[in-house]
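Have the view open as you read, and pick out the residues as they come up.

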Amino acid sequence: MKQPIIDIQNLRKTYTYYKKPPGLLGSLKSLFHREKLLTEAVKEVNFSIEQGEFVGFLGPNGAGKTTTLKMLSGILYPTSGKVNVLGFTPWDRKPEFQKQFSLVMGQKNQLWWDLPAMETFLLNQTIYEIPEKVFRASLKELSELLEIQDILTIPVRKLSLGQRMKCELAAALLHQPKVLFLDEPTIGLDVTSQQNIRTFLKKYNEQKKTTILLTSHYMDDIMELCKRVIIVNLGRIVYDGSLQELIDKHADYKLLKITFTQEMKRNDLKKYGKVSEFAPKRAVLHVAKAQYKKIAAHILEELPVDDIFIDEVSVEEVIRDIFAVTKTGTV
Amino acid sequence: MKRMVVSMSNIFYSIQRYFVVFWRYLRLALQVRLAYRASFFAEFSINVLSAVSSLLFIEFLYANIPAVAGWSHDEALVILASYFIIQSISWLFLMSGMWRFDYMLRIGSFDRMLVRPMHPLALIGFSEIQPETVVDFSLALFLLGRYVFLYSFPPVWIIILYILFLFFGVVILLSFLVILRTINFKTINTWSISIFVQDISNFGRYPRQIFQGKLFRFLAATILPVVFMGAVPAEIFLGKVDWWYVVFGFLTAAVFFLSARFLWNRALKSYSSASS
Ligand SMILES: Nc1ncnc2c1ncn2[C@@H]1O[C@H](COP(=O)(O)OP(=O)(O)OP(=O)(O)O)[C@@H](O)[C@H]1O
Ligand SMILES: [Mg+2]
């Protein structure tokens, strides 16, 4: 039987930290008496990923995504559970393992601020023991794909955020990792830069068959890149499966976005479907997929419609729905 | 036998590899320094000044008296030289990188050092190399050369033992630092640990005999083992060592090294990173 490239069983992580009362006096008090607090960041996570998959790892703030990625990279020891990545237990931190994966965090950088990115690349070449030939080939390929040939010799502090992120990615991929963990790689970038990074990741995954686990709060990232998504909330997995199925299952309705020629009452609209947004001259209705044409026709006939627009449910909304459900306890 | 040969060649390979990486980092550090030339010269001058002031201290001290605690002026300079060598090597490889270890923990830049295929302590040390330590080191070599020129060249076995004890001095000092630094995993904000280590290790530049009374003499050789950070290596160089201290030096270096390794590994298990 083929072993999956990433396999996680019953992973849990509880952070221990100490409550610090505010103010100087509080700090002094806490020298002698500290109240211990526990956060169960990851409560029960199980999943496995096959080689070459590009998986989206989603969840609201504080769901435990970064914590999970840190355990998968061996930065943190788990409270309990088993993880196998590429045949290794990450927190043993074996160099043979570390040479085969890479972790990129959007908010943290490894490039040397005062020096051109090329210097960091050369440093990584020595740290990762990349043979000269492989290094040259890798560098050529990455700088073409990312279009960074011209900025490699400019001090990093003079680069734009988008350019810097591209160089970060190149630095992380020079040793040709088999597994790549991306924690919000597009955070803070403008739309074009985000698109560039996405295009690159897509091509890279297709060409290299690198296994990629990506977290992002930008749904465009996920829609364009990931066939499969894993959704966590409050430290537990609430969905693991194909993105399309998720949409089909939860998005069994369409959106009717209507503008009226005169002011309406909310109650007048209720009989057509669930009113999700309402302003006197504008409304958004949720209507079942099976009947949206019929209902739209009725509305056109019976109400003073200026314009009507039929839209698909966005993934954001689907996922928001799922979180709303899990918060109340029933999955 | 064969396996031993293999593992020996592995060790040599690792040492060589760490030196190659160190060399790369050193070049980067120099490039950064040269990018800010004014601060480079300032830093360099401050190092020269502080080395010279240590030297002047001894000159003033011996201006009117022939010997302090049984040490002549020229012998006292050998202690200073040994102290400088141990300090500059320690600074070069780990101490300057460790200077703001608490800060690394707090902003989470330590995470990066845990995912790369090298020992995290090496990466900490290399991340902040101060090439200026070469000043202290050169001054130390000059002082040793002066002594040899004025008196005589010690026998080879003494030189070997001396180098070994300089190495032990570095091991003890760095282990001491690492042991105290593991406290930071629990109390992220304690930033004064490096200063404390520096203050303690300052005693390394004085003769062993300044520690009066059984308690202090005991402390200086065990829990705060400053005598091995200057005085004992110097005594070896001068051929006037108490052999008990040689035995003790071996033991102290081993105990400190093993404790540091144990505590460091244990602390990593409780490391909880910074939220990001
Ligand atoms: N170093 C830490 N010490 C204590 N608690 C932490 C630490 N890191 C994270 N937490 C807590 O653990 C929980 C999960 O955090 P985590 O960073 O894994 O969430 P996340 O899913 O990555 O969120 P986001 O989308 O905001 O990045 C949060 O409640 C957070 O406050
Ligand atoms: Mg996160």
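**Domains, contacts and charge pairs**

Chain B is divided into domain 1 (1–35) and domain 2 (36–269). Keep in mind that this is a predicted model.

**Inside chain B**

- The C-alpha centres of domain 1 of chain B and domain 2 of chain B are 22 Å apart.
- Domain 1 of chain B brings 13 residues to the contact, and domain 2 of chain B brings 18 residues.
- Between domain 1 of chain B and domain 2 of chain B, about 1400 Å² is buried, with carbon and sulfur atoms giving 69% of that area.
- How many salt bridges are counted between domain 1 of chain B and domain 2 of chain B? The count is one salt bridge.
- Glu132(B) and Arg33(B) form a salt bridge, and their closest N and O atoms are 2.5 Å apart.

**Inside chain A**

- Chain A has its own division, into domain 1 (6–247) and domain 2 (252–312).
- The centres of domain 1 of chain A and domain 2 of chain A, taken over C-alpha atoms, are separated by 42 Å.

**Where the chains meet**

- The size of an interface is often given as the accessible area lost when the parts come together.
- For chain B and chain A, the buried area is about 2900 Å², and carbon and sulfur atoms give 58% of it.
- Chain B supplies 29 residues to this contact, while chain A supplies 30 residues.
- Three salt bridges are found across the interface of chain B and chain A.
- Lys70(A) and Asp111(B) meet through their side chains in a salt bridge, at 3.7 Å from N to O.

**Salt bridges within the chains**

- Side chains of opposite charge can pair when their charged atoms come close.
- Over all chains, the count comes to 21 salt bridges.
- In chain A, Arg136(A) pairs with Glu132(A) in a salt bridge whose closest N and O atoms are 3.0 Å apart.
- Both Arg136(A) and Glu132(A) lie in helix α5 (residues 132–146) of chain A, four residues apart, which is about one turn of the helix.
- Arg136(A) counts as partly exposed because its relative accessibility is 42%, and Glu132(A) is partly exposed with a relative accessible area of 43%.
- Asp221(A) forms a salt bridge with Arg198(A), with 2.5 Å between the closest N and O atoms.
- Asp221(A) lies in helix α8 (residues 219–225) of chain A and Arg198(A) in helix α7 (residues 191–208) of chain A, so this pair ties together parts that are 23 residues apart in sequence.
- Are these two partners buried or exposed? Asp221(A) is buried, at 1% relative accessible area, and Arg198(A) is buried, at 4%.
- In chain B, Arg208(B) and Glu235(B) form a salt bridge with their closest N and O atoms 3.1 Å apart.
- That pair links distant parts of the chain, 27 residues apart: Arg208(B) is in the loop between α9 (193–201) and α10 (214–221) of chain B, and Glu235(B) is in helix α11 (residues 231–238) of chain B.
- Arg208(B) and Glu235(B) are both buried.
- A network of salt bridges links Glu53(A), Arg228(A) and Asp240(A).

**A nonpolar patch on chain B**

- Phe44(B), Val48(B), Val52(B), Leu56(B), Phe60(B) and Val134(B) make a nonpolar surface patch of about 510 Å².
- Which element gives the most to the nonpolar patch? Helix α2 (residues 37–61) of chain B does, with five residues.
- Leu56(B) lies in helix α2 of chain B and counts as partly exposed, at 39% relative accessibility.

Terms used:
Residues are numbered from 1 along each chain as its sequence is written. Chains are lettered from A and ligands numbered from 1 in the order in which they are written. This is a predicted model: local features need pLDDT of at least 70, side-chain atom pairs count only at pLDDT 80 or more; totals for chains, interfaces and linings use all residues. Side-chain values use heavy atoms; hydrogens and water are left out. Patches are made of residues with over 30% relative accessible area and no salt bridge: like charges are joined within 9 Å, nonpolar side chains (Val, Leu, Ile, Met, Phe, Trp, Tyr) within 5 Å. Accessible areas come from the Shrake-Rupley method with a 1.4 Å probe; for residues, only the protein chains shown count as cover. A salt bridge is a side-chain nitrogen of Lys or Arg within 4 Å of a carboxyl oxygen of Asp or Glu. Helices (H or I, at least four residues) and strands (E, at least two) are DSSP runs, numbered from the N terminus. Buried means under 20% relative accessible area, exposed over 50%, partly exposed in between (1.4 Å probe, protein chains only). Domain bounds come from an automatic or database domain assignment. Contact means heavy atoms within 4.5 Å. Buried area is the accessible area (1.4 Å probe) that two parts lose on being put together, summed over both.
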